[in-house]
Each structure stands twice: as C-alpha cells, then as structure tokens.
Amino acid sequence: MQLSLAQNISRLRKESGMTQERLAEALGVSFAAVSKWERGAATPELGLIVEMADLFAVSVDALLGYEAGRGSRAALVEQLSDLEHEPEREDALDRVESALRRYPNCFAVVYHSAINYRVRGIHRNDAACERRALELFRQASRLIGQNTDPAISETSLHQEIAQTCLALDDWEKAAEILKAHNPCRLNHPLIGQILASWSGEPRQALPYLSSALLDMLVAYTQIVTGYLNLYEKTADWDNAAALLDWALPFYAGLNRSDGAAFTDKCEATLWAMRAHIHLRQARPDKARDCLRLALAIARRFDASPCYDGTSLRFVDRLEKATAVDDLGPTAREGIERTVAEQNDTELTALWRRVISEE
C-alpha cells in the first residue's frame, strides 16, 4: 500500500489558493502542524483528514492517495463500462452494487455505476433505476476531483443529472441544472426543448432554440468544410459530391424568402466547390450551372449585405446576433477566392465565362 498524504495536502491547498496559515486557521490547528504534515514529519488525526477532504471537496481516498489494488480497480471500472452496452444482462445491477460495496468512494466506479442504472432505467422504463442513477450521479459530483477521464467533466456530469431528472418528470429541476452549468451555451438545445415541451410559456424557449440554431450552423459549416477538405485531398470525388448534395439545401432552407442572409456567402462558395467537383467528374455543364447559381446568390447578398442572425428563418428574440466570416468583404470575392484556391485551370476558365455573361 502506498500513500501520498503529505504531497496531496500541499497540492490541494495550493490548488484551493490557500496558504499554510489559512489552512491551519480553517482546521483550528497551528501553522507548524500544517508545515509538518506537508513535509511528512507528522500525520494529521483521522478527524482532521476527513475535515480536509471535505474542505478540498475530494474523497478521503483521494486525499490519502490510496493506491492499493489499483490494477483490480481499473479492471473493475472497465467491466462496468462494458456493462453499459449490455442493457439486457440480468446480473448487471448485482455486479454494479458489488463494485460499489468495494469502492464506495471511487469516482470512476460510482460514475459508471450511475451510467449502468441510467441505461437500464431508459431500457426498462424503470423509475427506480432512474432514482438510483440520480443518487449515484450526485455522489459522483462530490467525487469529481478524482476524475482523470477527459471525456467526463463537471458539465457533462450535470447534463447526466439533468437528463435523469427529466426522465423522472422533474423538468423544472432539469432546466435549472442545465442553466446553471451551461458553458458556451452547450445546453441551449435541451433547455429550449424542455421549455417548449413542458413549460406553460413555450415562447420562453425561443432565445435558447435560436441561439442553439446559430451555434449549430457554425458547427455544421465546420463539419462540412472538414469533410470536404478530407475528400478533396484524397480525391474522393463521389463522397465530396454526396456531401455537398446533402449539405447545400440546409443553407437555402434557413434563408427567409424576403431578402439576403449571411449564410448566402457560405452557400455561394460551396456551390463553387460543387462546380469544381463536377469538373473532376467530367460534368462541365453541371459545373457551369453551379457557378451561375453561386453568382446569383452572391449578387443577391452583395446588393444588400446582411450579417444579422435574426435574418434567418426560425431565429427570433435575440438582442445581439451578428455573424462574421473570413470569406472576404463580398460574397463574389468569396467565390473568386474559392475558385483560385483550387488551382484548377478548367474551373478558373469556366468562372470567367460565367461572369462574362453578366
């Protein structure tokens, strides 16, 4: 068995922004006592260890640096993780409870046990499983200081808690949790869904849904561009074509019929890319049609540029929603930059013929 109490007291104290004097004051001991603990010259009494664990918001095991049986514990966590994908396994929850009895204060064990109960609550429509999951998620939140898995965070843990509250028909608590733990508007889609579905005032959902839609538009464009660059670099023109045939209607569907929208610039450049792909597939007539469409969209935008997010269909009740892009000052310049970046003489010549038709 290996303990690292001295080092952990020093590290956690510093992470909490406390001096040795401040820690001593909080625990009702002398500065000299804290100094001895951190040097390993003395060991605090059990009651003070428990008090420090609570002060630093970690488990006693984490404060002690308890490492005994680490290999078997890691194997157990892996087993629990595997059980999450076997919702019909009859002995799963017995194994979960056995793991909890062995490691009641291990974050990974508690967290994956909660997931197991959550999965079975959904699969069986079992409120008892959901309630046990909620209890374990809340316990895991108290042990979050032990977490070493980058895929899990306080935010994701609170999302699990909120989802479980929602499954237990406590939508108000779910919305409250999601609003309180919402970095980068990450929870806006679910908050909007909850308010629209269960609130007596569904229009409260509009700012959340509108903001979520604009964030999704940014993510959508990044994903499409990423795939497009991948397929272009690997000369996978069939997948590149299928991608744009799927992606382009999204932009047109968001535009209101009464004017330009900032998405026009992106749509126009993607039509130019679609022309490039048609040329690679030996379809020059289709490529010309794409460039004509790109130019028409660019003209519409450049005649009355609009960067207001509320110009999009469905977006409403946002006080400040202004878009920026790196496509160039005008939509037409965005197309010309896109054409130039392809280093495709056939595309460049076709673009010149299209603009000469003006």
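View 1. At 19% relative accessibility, A33 counts as buried. The cut-off for buried is under 20%. This is a predicted model. A33 sits in helix α3, which spans residues 31–39. T43 lies 10 residues from A33 along the chain. The C-alpha atoms of A33 and T43 are separated by 8.9 Å.

**View 2. The buried face of helix α2.** Helix α2 covers residues 20–27. Its buried residues are Q20, L23, A24 and L27. Seen down the axis of α2, these buried residues fall within an arc of 100°, so they line one face of the helix. An α-helix has 3.6 residues a turn, so residues three or four places apart point the same way. The cover over the buried residues of α2 includes α1, α3 and α4. G28 follows α2 and has a positive phi, near 70°.

**View 3. R13 and its surroundings.** R13 belongs to helix α1, residues 5–15. With a relative accessible area of 8%, R13 is buried. Which residues does R13 touch, not counting residues up to four places away in sequence? They are M18, T19, Q20, L23, E38 and F56. Two of these, Q20 and L23, are also among the buried residues of α2.

**View 4. A57, a non-glycine residue with positive phi.** Most residues other than glycine have a negative phi, and most peptide bonds are trans. A57 has a positive phi, near 60°, and is a residue other than glycine. A57 lies in the loop between α4 (46–56) and α5 (60–64). Is A57 buried, partly exposed or exposed? A57 is partly exposed, with a relative accessible area of 47%.

View 5. Helix α11 runs over residues 171–180. Its buried residues are A174, A175, I177 and L178. They cover an arc of only 165° around the axis, which puts them on the same side of α11. E172 and A180 are exposed on the other side of α11. Helices α10 (154–167) and α12 (188–198) are included in what covers the buried residues of α11.

View 6. C184 is placed in the loop between α11 and α12. Phi of C184 is positive, about 55°, although C184 is not a glycine. Is C184 buried or exposed? C184 is exposed, with a relative accessible area of 71%.

**View 7. Helix α13 packed on helix α15.** Two packed helices are described by the angle between their axes and the distance between the axes. Helix α13 covers residues 205–233, and helix α15 covers residues 263–280. They pack at an angle of about 15°, with their axes 13 Å apart. That makes α13 roughly parallel to α15. The crossing of α13 and α15 is left-handed. On the α13 side, the contact is made by L217, T221, L228 and E232. On the α15 side, the contact is made by T263, C266, L270, M273, H276 and I277. The residues of this contact of α13 with α15 divide into six nonpolar, three polar and one charged.

**View 8. Helix α14 against helix α15.** Helix α14 spans residues 237–254. The axes of α14 and α15 come within 10 Å. What is the crossing angle of the α14 and α15 axes? They cross at roughly 155°. The helices α14 and α15 are therefore roughly antiparallel to each other. The crossing of α14 and α15 is left-handed. In α14, the contacting residues are W237, A240, A241, L244, D245, L248, Y251 and A252. In α15, they are T263, C266, E267, L270, W271, M273, R274, H276, I277 and R280. By class, the contact of α14 with α15 has 12 nonpolar, two polar and four charged residues.

**View 9. G226 in helix α13.** G226 lies in helix α13. G226 is partly exposed, with a relative accessible area of 36%. Its sequence separation from R337 is 111 residues. In space, G226 and R337 are 18 Å apart, C-alpha to C-alpha.

Key:
Residues are numbered from 1 along each chain as its sequence is written. This is a predicted model: local features need pLDDT of at least 70, side-chain atom pairs count only at pLDDT 80 or more; totals for chains, interfaces and linings use all residues. Side-chain values use heavy atoms; hydrogens and water are left out. Buried means under 20% relative accessible area, exposed over 50%, partly exposed in between (1.4 Å probe, protein chains only). Helices (H or I, at least four residues) and strands (E, at least two) are DSSP runs, numbered from the N terminus. The arc is that of the directions from the helix axis to the C-beta atoms. Contact means heavy atoms within 4.5 Å. Axes are lines fitted to C-alpha atoms, for helices over the stretch in contact, and angles run from 0 to 180 degrees between N-to-C directions. Angles under 35 degrees count as roughly parallel, over 145 as roughly antiparallel, 65 to 115 as roughly perpendicular and the rest as oblique. A crossing is left-handed if the near helix is turned anticlockwise from the far one by less than a right angle, and right-handed if clockwise. Ala, Val, Leu, Ile, Met, Phe, Trp, Tyr, Cys and Pro count as nonpolar, Asp, Glu, Lys and Arg as charged, and the others, Gly among them, as polar.
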